[in-house]
Amino acid sequence: MTMTAAYPVGRIDEALSHFLGSRPHVCSTVYLATYIKPIAFQLPNGAMVMHAGPHGYMRLPKHMLQLCLHESLHGFPGSEQAQQLQDELRTSHLEFAKQYKDLLTIYHSGPEEYFVVGAEAYLSVMLQLRTHEECIQYLNSLNGGMPLSLAIYERLRKTNPDSKPAWDGYGQWLRKELLDAVSNR
């Protein structure tokens, strides 16, 4: 399926480029597979492979676009620094350390998943792929609930930092927010 036929993918590309402070590979072509794990992944050329799920699972193009948005956020500039600060938070917050371990071992997600999901929720509202209520439900149910992602989403919504003239990308913003959290522990 060519995504540009279902939604103006250029709008996602533009929003992601501004939000990340760099040009990501936004998927414009999606290959549906009968079975893959993980449920979706991006190919080097910007295309994406996605598990179609049971009949009716990917019933709307916006569901595919939500996954494309999610996968396009992985590897964002500054992700490594954010993960280092996340590791510092885990050492002082036992409940978060347990949630993080579950995220990796039970749900088989990567270490940057909290950051990706929080940003995805924020952008999906801006791009009209989800409502605020759908995002809250998503953040509270995905992988057993993702409180750090919810906190990131709420902070982004409250401050709208990407609308400020000095915006230099999500990775830089996230690093500053996590530094504040680490220093306030």
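## Two terms to start with

A salt bridge here is a side-chain nitrogen of Lys or Arg lying within 4 Å of a carboxyl oxygen of Asp or Glu. Helices are DSSP runs of at least four residues, numbered from the N terminus. With that settled, on to the structure, which is a predicted model.

## The overall layout

The protein chain has eight helices and three strands. Reading from the N terminus, the order is α-β-β-β-α-α-α-α-α-α-α.

Of the 185 residues in the chain, 46% are buried. If you take the contacts with a separation of 6 or more, 57% of them join residues 24 or more positions apart.

Nonpolar side chains tend to be buried together in soluble globular proteins. In this model the largest nonpolar core holds 40 residues, and the ones touching the most other members are Phe-19, Leu-73, Phe-115, Tyr-170 and Leu-174. At least two residues of this core come from each of α1 (9–20), α2 (61–73), α3, α4, α5 (113–126), α6 (132–141), α7 and α8. The top contributor is α5, which gives eight residues.

Leaving out residues up to four places away in sequence, Phe-19 touches Leu-73, Ala-119, Tyr-122, Leu-123, Leu-156, Asp-162, Trp-167, Gly-169 and Tyr-170.

Start with the length of α3. Its 14 residues should span 20 Å at 1.5 Å a residue, and the end C-alpha atoms are 21 Å apart, which agrees. The buried residues of α3 are Ser-79, Ala-82, Gln-83, Leu-85, Gln-86 and Leu-89. Looking down the helix axis, these buried residues fall within an arc of 165°, so they line one face of α3.

What do the buried residues of α3 pack against? They pack against α4, α5, α7 and α8. On the face turned away from that buried side you'll find the exposed residues Glu-80, Gln-84 and Thr-91.

## Salt bridges inside a helix

A search of the whole structure turns up four salt bridges. One of them joins the side chains of Asp-87 and Arg-90, at 2.8 Å from N to O. Both residues lie in helix α3 (residues 79–92), three residues apart, or about one turn of the helix. An α-helix has 3.6 residues a turn, so residues three or four places apart point the same way. Asp-87 is partly exposed at 32% relative accessibility, and Arg-90 is partly exposed too, with a relative accessible area of 25%.

Another salt bridge pairs Asp-102 with Lys-98, whose closest N and O atoms are 3.0 Å apart. Asp-102 and Lys-98 are four residues apart in helix α4 (residues 94–105), so about one helical turn separates them. Lys-98 has a relative accessible area of 47%, so Lys-98 counts as partly exposed, given that exposed means over 50%.

## A salt bridge between helices

The side chains of Arg-155 and Glu-177 also meet in a salt bridge, at 2.9 Å from N to O. This pair links distant parts of the chain, with Arg-155 in helix α7 (residues 147–159) and Glu-177 in helix α8 (residues 170–183), 22 residues apart.

Are these two residues buried, exposed or in between? Arg-155 is partly exposed at 33% relative accessibility. Glu-177, at 22%, counts as partly exposed, since buried means under 20%.

Conventions. Residues numbered from 1 in each chain as written. Predicted model: local features only at pLDDT ≥ 70, side-chain atom pairs only at ≥ 80, totals over all residues. Heavy atoms only, no water. Buried < 20%, exposed > 50% of the residue type's maximum accessible area, 1.4 Å probe, protein only. Core = buried A, V, L, I, M, F, W, Y, C linked by side-chain atoms within 4.5 Å. Contact = heavy atoms within 4.5 Å. Expected span 1.5 Å × (residues − 1). Arc of directions from axis to C-beta.
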